[in-house]
Amino acid sequence: MTYCCGVLVREGLVLIADTRTNAGLDNISTFRKLHIFEEPGHHVLGLATAGNLSVSQSVVSLLREGVEDHEIGERRQLRDCRTMFQAAQLVGTAIRQVHKVNGAVMEQSSINFEVSFLLGGQIAGDTLRLYMIYSAGNFIECTPDTPFLQIGEHKYGKPVLDRAVTYEMEIAEALKSSLISMDSTMRSNLGVGLPIDVMVVTPDSLHSELIYRIEPGEPYFHDLRERWSAALRSAHASIPRPPYLKDVRLRAVTEV
């Protein structure tokens, strides 16, 4: 499995992705799922991937080598895009080209063509933006009303983001919420695991403020996990018991 999360707030963008890939209980590996496309001063883009590993790797390779543009008869890379919208379109085109080559063969082998991407960042002259791109190559854009997007095993980490993330929150708080969301997912699904790749971009900097890998045993993340677990236990204990069961013990004693 995979879990990737993107949070876009006024102060910037956070992208995080785990690295665990499994093709069965006894075939677990580590693969990078957060790919960086950066040319300081011109563009800084992060591309997080989820789904079939062979498909996502093919799409990333195609984006690096160039996607065939049949209208102009040339290959285009992400660095050739003038806007983030065009970059999202190019990722969609790359997905469709990989499907055209491999889709039918994969279907014959009963392998689902399932893949999704988070594309976030900024191109000179455009604003900082975040997109989620589906297997068909279509996509949606993150908005201030819902300032985060997720792909992969997202259900366990979503409640944290729903309760905590707002467009006006500080970028450091957005990163902290993303890491708590990742930890919540890891606690409930062994298919998601360390190391975790992190990318942070601020508006108009046109370079990555942070590219970091959280390895097993990394002090801050370990402390965050322990503090979050303790905080949940404390919050649970501080909430009054439901009043609906107030007579249960009395009834049990009477029945005996």
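Two strands count as paired if DSSP finds at least two bridges between them. Strands (E, at least two residues) and helices (H or I, at least four) are DSSP runs, numbered from the N terminus. The model here is predicted, so local features need pLDDT of at least 70 and side-chain atom pairs count only at pLDDT 80 or more, while totals for chains, interfaces and linings use all residues. Residues are numbered from 1 along each chain as its sequence is written, and side-chain values use heavy atoms, leaving out hydrogens and water.

**Exercise 1. Work out the strand order of the open sheet and find its edges.**

Step 1: Line up the five strands, and you get β12-β1-β2-β13-β14, with antiparallel pairing.

Step 2: Look at the ends. β12 (148-152) and β14 each have a single partner strand, so one side of each is left without a neighbour in the sheet.

Step 3: Check the twist, which averages 10° from one strand to the next. (Angles run from 0 to 180 degrees between N-to-C directions, and axes are lines fitted to C-alpha atoms, for helices over the stretch in contact.)

**Exercise 2. Trace the hairpin of β13 and β14.**

Step 1: Start with the pairing: β13 (residues 196-201) and β14 (residues 208-214) run antiparallel, joined by six bridges.

Step 2: Pick out some partners. Asp197 is bridged to Arg213 in β14, and Val200 stands opposite Leu210.

Step 3: Now the turn. Six residues lie between the two strands, and Asp204 there has a positive phi of about 65°.

**Exercise 3. Describe how α4 and α5 pack.**

Step 1: Get the geometry. α4 (residues 171-188) and α5 (residues 219-238) pack at about 75°, with axes 10 Å apart.

Step 2: Name the arrangement. The two helices are therefore roughly perpendicular (65 to 115 degrees).

Step 3: See who touches whom (contact means heavy atoms within 4.5 Å). Among the residues involved are Leu179 and Ile180 of α4, plus Phe221 and Trp228 of α5.

**Exercise 4. Find the middle of the largest nonpolar core.**

Step 1: Buried is under 20% relative accessible area, exposed over 50%, partly exposed in between (1.4 Å probe, protein chains only).

Step 2: Of its 27 residues, Leu63, Val91 and Leu119 touch the most other members. α2 gives the most, nine residues.

Step 3: Follow Val91, whose contacts include Leu47, Leu78 and Phe117.

Note on methods. A nonpolar core is a set of buried Ala, Val, Leu, Ile, Met, Phe, Trp, Tyr and Cys residues joined through side-chain atoms within 4.5 Å. Angles under 35 degrees count as roughly parallel, over 145 as roughly antiparallel, 65 to 115 as roughly perpendicular and the rest as oblique. Lists of a residue's contacts leave out its neighbours within four places in sequence.
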